[in-house]
Amino acid sequence: MRSSLTLVGTLWAFLSLVTALASSTSYFLPYWLFGSQLGKPVSFSTFRRCNYPVRGEGHSLIMVEECGRYASFSAIPSLAWQMCTVVTGAGCALLLLVALAAVLGCCMEELISRMMGRCMGAAQFVGGLLISSGCALYPLGWNSPEIMQTCGNVSNQFQLGTCRLGWAYYCAGGGAAAAMLICTWLSCFAGRNPKPVMLVESIMRNTNSYAMELDHCLKP
């Protein structure tokens, strides 16, 4: 079973899969921001959170210690986080599609040419840029009331207060940076150049096929 990728292309496919999985996993995990509320640890991503307050008996607040996503898109605490959710999700989807095609290129001959590899690298650059934009938008939502309650009521845009950034935020940003810088560069050398003999054979096959179809159509 021949591959359509060079040795560098195989490395590119592996790194593409790693960066796509790192960014996508971090996107879904609610560990972008850590704080505390009512003496309990609280964590957020863009559309999920762990541990949240509810009204108990006597209208007192109690903490429910479980993780989940917000009930609706509009329930996400701020417009910046809503934008971050869409932009980062689109970037992760793009990186996953390119990674899947790259892995298939390791197993299928003539799937990825030199030009196709470069186009896929451009798609990776766009995907990484979208995720990086999402990471840049994330601090704009730190002034929402829900986040301020978790961060000691002193947080603001680009000011964490008593909160701290989580490992998932850095993992998503690192995966995006690797996709933009390393994978995009490696993609330029990923695909094999089509051999002249194979090109001639392909052209001849197509020409013969078209000639047979034309002859069949012209026959009474």
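**Figure 1. Salt bridge between Arg-49 and Glu-146.** Glu-146 is partly exposed, at 21% relative accessible area. (Buried means under 20% relative accessible area, exposed over 50%, partly exposed in between; 1.4 Å probe, protein chains only.) The side chain of Glu-146 meets that of Arg-49 in a salt bridge, 2.6 Å from N to O. The pair links distant parts of the chain, 97 residues apart: Arg-49 sits in strand 3 (residues 48-55) and Glu-146 in helix 4 (residues 145-150). Arg-49 counts as buried, because its relative accessibility is 7%. A salt bridge here is a side-chain nitrogen of Lys or Arg within 4 Å of a carboxyl oxygen of Asp or Glu. Side chains of opposite charge can pair when their charged atoms come close.

The model is predicted: local features need pLDDT of at least 70, side-chain atom pairs count only at pLDDT 80 or more, and totals for chains, interfaces and linings use all residues. Residues are numbered from 1 along each chain as its sequence is written, and side-chain values use heavy atoms, with hydrogens and water left out.

**Figure 2. The chain as a whole.** The chain has 6 helices and 5 strands. From the N terminus on, the order is α-β-β-β-β-α-α-α-β-α-α. Helices (H or I, at least four residues) and strands (E, at least two) are DSSP runs, numbered from the N terminus. Of the 220 residues in the chain, 39% are buried. The accessible surface comes to about 12,200 Å², and carbon and sulfur atoms hold 68% of that surface. Accessible areas come from the Shrake-Rupley method with a 1.4 Å probe; for residues, only the protein chains shown count as cover. Among contacts in the chain with a separation of 6 or more, 64% are between residues 24 or more positions apart. Contact means heavy atoms within 4.5 Å.

**Figure 3. Salt bridge between Glu-65 and Lys-40.** The structure holds 2 salt bridges. In the one shown here, Glu-65 pairs with Lys-40, with the closest N and O atoms 3.2 Å apart. Glu-65 lies in strand 4 (residues 61-69) and Lys-40 in strand 2 (residues 40-44), so the bridge ties together parts that are 25 residues apart in sequence. Glu-65 counts as exposed, at 53% relative accessibility. Lys-40 is partly exposed, with a relative accessible area of 32%.

**Figure 4. Surroundings of Gln-37.** Gln-37 is found in strand 1 (residues 33-37). Gln-37 counts as buried, because its relative accessibility is 9%. Its side chain joins that of Arg-49 in a polar contact of 3.5 Å. (A polar contact is a pair of N or O atoms within 3.5 Å; within protein, one must be able to donate a hydrogen and the other to accept it, and residues adjacent in sequence count only if both atoms are side-chain atoms.) Leaving out residues up to four places away in sequence, Gln-37 touches Val-42, Arg-49, Pro-53, Met-63, Gln-149 and Thr-150.

Figure 5. Most residues other than glycine have a negative phi. Asn-51 is not a glycine, yet has a positive phi of about 70°. Asn-51 lies in strand 3 and counts as buried, at 10% relative accessibility. Phe-158, also not a glycine, has a positive phi of about 65°. Phe-158 is placed in the loop between helix 4 and strand 5 (164-165). Phe-158 counts as exposed, at 55% relative accessibility.

**Figure 6. Nonpolar patch on the surface.** Leu-17, Leu-21, Leu-96 and Val-103 form the patch, with about 280 Å² of accessible area together. Helix 1 (7-28) and helix 2 (79-105) are the elements that give two or more residues to the patch. Patches are made of residues with over 30% relative accessible area and no salt bridge; like charges are joined within 9 Å, nonpolar side chains (Val, Leu, Ile, Met, Phe, Trp, Tyr) within 5 Å. Leu-21, found in helix 1, is partly exposed, with a relative accessible area of 44%.

Figure 7. Ala-101 is found in helix 2 and counts as partly exposed, at 26% relative accessibility. Ala-101 and Met-120 are 19 residues apart in sequence and 8.8 Å apart in space, C-alpha to C-alpha. Ala-101 touches Leu-111, Ile-112 and Met-120, not counting residues up to four places away in sequence. An unreviewed UniProt entry places the feature "transmembrane region" at residues 79-107, 119-140 and 167-189. Such UniProt positions are given in the numbering used here, feature names are shortened, and annotations may be inferred rather than shown by experiment. Residues 119-140 are 86% helix and 0% strand, with end C-alpha atoms 33 Å apart. Residues 167-189 are 91% helix and 0% strand, with end C-alpha atoms 32 Å apart.
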